[in-house]
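Hello,

Here is the structure I promised to pass on to you. Have a look at it first, and then read my notes below.

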Amino acid sequence: MAERFLGIDVGAEALKVVELVRDGAEWSWTRRRIEEHHKAPGPLLVSILRDFDWESATGAAVSGRFGRTIGLPRIPAKEAQAGGARFLYGTEPATVVSIGGHGFSVLELRAPGLEIFRENSRCSQGTGNFLRQLVERFGLTIEQASEMCDGVPDPAPLSGRCPVILKTDMTHLANKGESKERILAGLYDAVCENVQVLIKPRVSPSRVILIGGVTRSLRIRESFRHFLERHEMQLVPVTEDALFVEALGTALAAADTRGPLPSLEALLEKPEAAHLESIPALGTYLGQVKRMDKRPLAPVTGPGVVVGYDIGSTGSKAVAI
């Protein structure tokens with residue numbers, strides 16, 4: 001008898017649900033769904049699962065940023081990506097590059113059982129949310145901005161090393177009258193450069209798979225294709241299937257975490273109560289503060305050198321007179 005397993009990926013922006021059916025040793029991908037949840041995934045998920053015949057499902061699991069709010073076994077991103085990528089693209093070594101709403105990562109699938117996972121720091125640069133915030137400054141959606149910057153041959157030079165500096169550079173360019181197309185093209189390229197730092201040419205498997213919502217942009221895909229060609233690596237053609245890789249891997253993992261499924265009414269876990277901790281004002285610690293005596297500078301009475309330093313947040317300068 002065929003068994004049905006549901007994989008749920010609750011990302012920072014979108015909710016994805018897939019259904020896998022196992023008949024003996026054969027797996028088949030039968031249904032899938034993706035929708036933006038606008039930071040309220042619970043009611044939308046219940047509606048989708050009702051359409052997916054929740055009561056008759058054999059098993060289910062969840063992954064993604066908001067997965068902890070769902071009363072199902074939770075699958076780590078690394079495991080979900082690995083399972084979904086091998087299901088869709090085969091078991092040959094590959095480098096899986098994920099660029100989603102809240103983060104990005106690189107997963108190297110080498111020999112069976114050997115996987116190396118690297119992800120971005122807490123900095124927002126390179127994520128879909130960050131990209132959305134910046135294009136909305138121009139009154140555009142991600143789709144409109146992606147179309148506008150597609151094929152721009154001379155993008156504005158923007159640095160992706162820091163989101164604060166990037167926002168400042170974009171503002172200066174816009175105030176100077178630079179075209180939106182060039183600014184957006186520079187923004188998209190800076191995002192790509194920030195992600196590409198996690199790829200290790202000559203070490204990472206040469207077959208590269210792009211997944212995640214940000215990779216729907218043609219400019220993002222073309223930037224990666226040119227980068228990979230320069231390093232003798234190959235980009236696997238990106239299709240709509242790439243959006244469901246983590247949900248697929250989660251559905252596969254559900255076959256190993258089977259158990260009685262909760263009712264739809266009991267599926268959403270109640271959020272933990274928030275607590276605020278109160279601490280004494282800083283003024284109560286003045287007795288522990290030691291003030292150092294000011295040392296006067298020695299006057300310069302003859303020939304000599306005076307050095308001034310400016311130590312900033314991103315660089316340091318020195319002047320000698």
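Let's begin with the cysteines. The model is a predicted one, and the sulfur of Cys-149 lies 9.4 Å from the closest cysteine sulfur, which belongs to Cys-192. That is too far for a bond, because a disulfide needs two cysteine sulfur atoms within 2.5 Å. As a reminder, a disulfide is a covalent bond that joins the sulfur atoms of two cysteines. Cys-192 is in no disulfide either, and the structure as a whole holds zero disulfides.

Together with Ala-185, Tyr-188, Asp-189, Val-195 and Gln-196, Cys-192 is on the α6 side of a contact with α7. On the α7 side you will find Arg-219, Ile-220, Ser-223, Phe-224 and Phe-227. The residues of this contact divide into seven nonpolar, two polar and two charged. Helix α6 covers residues 180-196 and helix α7 covers residues 218-230. They pack at an angle of about 50 degrees, and their axes are 10 Å apart. That makes α6 oblique to α7, and their crossing is right-handed.

Helix α6 has a contact with α5 as well. How do α5 and α6 run relative to each other, parallel or antiparallel? Their axes come within 11 Å and cross at roughly 165 degrees, and angles over 145 degrees count as roughly antiparallel, so α5 and α6 are roughly antiparallel to each other. Here, too, the crossing is right-handed. From α5, the contact uses Leu-166, Met-170, Leu-173 and Ala-174, while α6 brings Ile-183, Leu-187 and Ala-190. This contact of α5 with α6 consists of seven nonpolar residues, with no polar and no charged ones.

While you are looking at α5 (residues 163-175), find His-172, which sits in that helix. His-172 counts as partly exposed, at 47% relative accessibility. Between His-172 and Ala-253 there are 81 residues along the chain, and their C-alpha atoms are separated by 48 Å.

Ile-211 is buried, with a relative accessible area of 2%. Which residues does Ile-211 touch, leaving aside its neighbours within four places in sequence? The contacts are with Gln-81, Val-96, Val-97, Ser-98, Ile-99, Ala-242 and Val-245.

Most residues other than glycine have a negative phi. His-38 is not a glycine, and yet its phi is positive, at about 50 degrees. You will find His-38 in the loop between β3 (26-36) and α1 (41-51), where it is exposed, with a relative accessible area of 64%. Glu-232 is not a glycine either, and has a positive phi of about 55 degrees. Glu-232 lies in the loop between α7 and β9 (234-235), and counts as exposed at 72% relative accessibility.

Enjoy exploring, and write back with any questions.

Best wishes

Terms used
Residues numbered from 1 in each chain as written. Predicted model: local features only at pLDDT ≥ 70, side-chain atom pairs only at ≥ 80, totals over all residues. Heavy atoms only, no water. Axes fitted to C-alpha atoms, helices over the stretch in contact; angles between N-to-C directions. Helix = DSSP H or I, 4+ residues; strand = E, 2+ residues; numbered from the N terminus. Parallel < 35°, antiparallel > 145°, perpendicular 65-115°, else oblique. Left-handed = near helix turned anticlockwise from the far one by under 90°. Contact = heavy atoms within 4.5 Å. Nonpolar A, V, L, I, M, F, W, Y, C, P; charged D, E, K, R; others polar. Buried < 20%, exposed > 50% of the residue type's maximum accessible area, 1.4 Å probe, protein only.
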